Amino acid sequence: MSAHEGTVRRSVVRISAAGGGYDRTGTRFWGSGFFIAPGWVLTCAHVVGNGGGEVLAGAEALDVTDWRGRTGAGRVALVLPPPPPGGPPRPWPLPDLALVEVAGADDAECLWLSDRSTMVPAAVSLHGWSLETGELGLRFGVGTASGGDGGEGEAMLLRGEIPVAGCSGGPVVDTARGAVIGVSKGRGTDTAGLAVPVTALRRIADDAPGRERLHAIVRAHDRHHFARYRIAGTGNSWTGVQQALRAGAPADGFTPVQRTHLFARLAELTPPTTPGEVMVLVEAVKRRVIQGPYHPGVEHDPRSWREGVGLLYDLPHDGPGAARPAGAHGDLEPEAVLLYAARVAAAVSLLGLERDREPLRELSTWVSVQAEPLTGYIREEIHQILHGGADVPGEPPGPAPAGCPVELRKPEPRDVEPGVVQQGARADVLVEVDPLLYGDRYPWRVKLLLENGVVTPLRADEEGAPRARLREALREPIAAALRQGDVGEHLAQLHVVVPRELFDEPLDAWRLTPPGAAGPGLDPHTMPLGQRRVVVVRDRLRRDRPGFPEWHRRWAGVSQGPLRAVPLRREVPLKGHDGPGRESGYAAYDRLSDADPAAVPVYCGEVAAGAGATAMEAALAAGHAVVIWRSCAKGHTDCAEFHRHVSRLVAEAGTPEGLHRRIRRLRIRCGDPESPDPEVEWARSIALLWDSPLHPPLTDTPLYAPGVRPETAP
């Protein structure tokens, strides 16, 4: 039995059909679960799925019985993934989780949920109820967990003394850290089993109602453990368990007692709306504390302020090539965590919400006290973030204004990194679609494009999807990536790198919700992508080759402006698509090569095939980095009008930012399903190529398979 077995068993419950809570024979027994917050039990979806569709829908109650034999009525509040209309699936696909709300369980003892995003490999104990010995009772086992951390929805692999049938839905506890890292899903062969990482709970927050529910549960969880610590101290509480596990750890580390206090205070703040809001603060803190370049390598998906703390453990003691200041602590956790907490306070303070005023005051006071033993420069920076500075350089720092617990003013001479107030999105999203490789399937990858030029892969499918299914295949990966890039009011741009035959795909009209899921009215989460954020096309063929001078020169030209429109097909604005004197590809290349460096080729039709494709090929060969066209224009006669309007649009925009803003407004005015603006009908399906050779940087030389050159490839 592990040292904290008694603490765990008080939180593990058995789940049964209604009326089965007092039946020790187990004839109505379904499986296990555990309290994660007062009144809330986490289990597997397939456990409650034993009750059928009405139980899964919350229409019928089930029995939840604790270790003392007390039974309460539970109702299913949420299952992941939702069951199909035909009934519970067999087997239930990942993440296979369910939340059950239990009446009258406000005094339940709850397990401590890990705040770490990467938790494996780890020594673990597993707990649950079982009938394996013929009598219904609590069982436990020990082993190791490895494999997934929940980022891609993969399962954990368990090995060792795996609990027997009935323990599905029970907790997987990291015995070294005293925290739940998973939920038992099932037993494999011999001594193998599967578990679902608790990080999979983040999927609840992928929509607004779910986000509110998740944060309410996390808030209740952290309040519960703070209250337990206040009552029992480091005795009968999870804080005490974790403190005991730290025996022999450095005295200057961030302690479980400090963590319990901090999480209770963070729980009272307005939560983040996207993972990007957490990650931008985490990354700024890591760069500051490590004092060297920071490259994350692995992308995380935190949904709460507490998870940001979990990303600041075990930092390297020395940044690359940078010496630590005299007197610096060897353990960087306290410095990193408290600096992060100060930055969270500053970020929440910017929202200006009345409900945050008192929680911010309590947090800033607590952080200031805890920061006193820290290295001088970190302590001063924390004070600077929390309490502001002088208006005039050289004057001593003054108090924060009345009623504002966090002040962001800073004196000029102080070297404080200006990362508290984010000036833009954390990252843009880069979607790469390869040319056809396997019949009719397009392989794809979704990446984050960070400001410093670092590209972080997120999701990929090298087998790919047919063109008709690309939108559905990319919907959720793009949505997840945008959440990583968005920070507050600053939205990530979407850059889609595609083969030229896909240039006319209506990317700006794609939605991030399943077909038919959009509700009535305007909802920023369900509206077409191009009506809310910048959506641009980029050329796959050019990105597969080294950059060339014309491309760099024209990118520099449009970046500086002022922009000026030129026809992509010379004859079309006056003579129409089928008029005499069609310009050849070489003639177009000659004309577009001689155009002004800030010229923007414009075309009123499609460019993925026919004469439009020939002209686009010439423009790309001439190095043009910005092109405007219409991706779904068939049978139209308004080319002269389109070119006239776009010429005015480009001239008025003047700069890239102005062009993005104006095209987004046109998409909104054209997209009204009830009454599209007749004055901008000419702009329907307007598309934009925005193709920088610098972001991300191109390779200097092409990459080929070892020993294979293009001229020798089969």
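This is a predicted model: local features need pLDDT of at least 70, side-chain atom pairs count only at pLDDT 80 or more; totals for chains, interfaces and linings use all residues.

Glutamate 432 is buried, with a relative accessible area of 13%, where buried means under 20% relative accessible area, exposed means over 50%, and partly exposed lies in between, using a 1.4 Å probe and protein chains only. Residues are numbered from 1 along each chain as its sequence is written, and side-chain values use heavy atoms, with hydrogens and water left out.

What is the partner of glutamate 432 in a salt bridge? The partner is lysine 447, with the closest N and O atoms 3.0 Å apart, and a salt bridge here is a side-chain nitrogen of Lys or Arg within 4 Å of a carboxyl oxygen of Asp or Glu. Glutamate 432 lies in strand β13 and lysine 447 in strand β14, so the pair ties together parts that are 15 residues apart in sequence; helices (H or I, at least four residues) and strands (E, at least two) are DSSP runs, numbered from the N terminus. Lysine 447 also counts as buried, at 15% relative accessibility.

For another setting, please look at helix α10, where glutamate 358 and arginine 361 are 3 residues apart, separated by about one helical turn. Their side chains meet in a salt bridge, 3.0 Å from N to O, and here glutamate 358 is partly exposed at 41%, as is arginine 361 at 32%. By the rule I gave, the count for the structure comes to 39 salt bridges.

Let me turn to the cysteines. A disulfide is a covalent bond between the sulfur atoms of two cysteines, and the rule used here asks for a pair of cysteine sulfur atoms within 2.5 Å. The structure holds 1 disulfide, formed by cysteine 604 and cysteine 639, whose sulfur atoms are 2.0 Å apart. Cysteine 604 lies in the loop between β19 and α17 and cysteine 639 in helix α18, so the pair ties together parts that are 35 residues apart in sequence. The torsion about their S-S bond is about 75 degrees, so the disulfide is right-handed. Cysteine 604 is buried, at 0%, and cysteine 639 is buried as well, at 5%.
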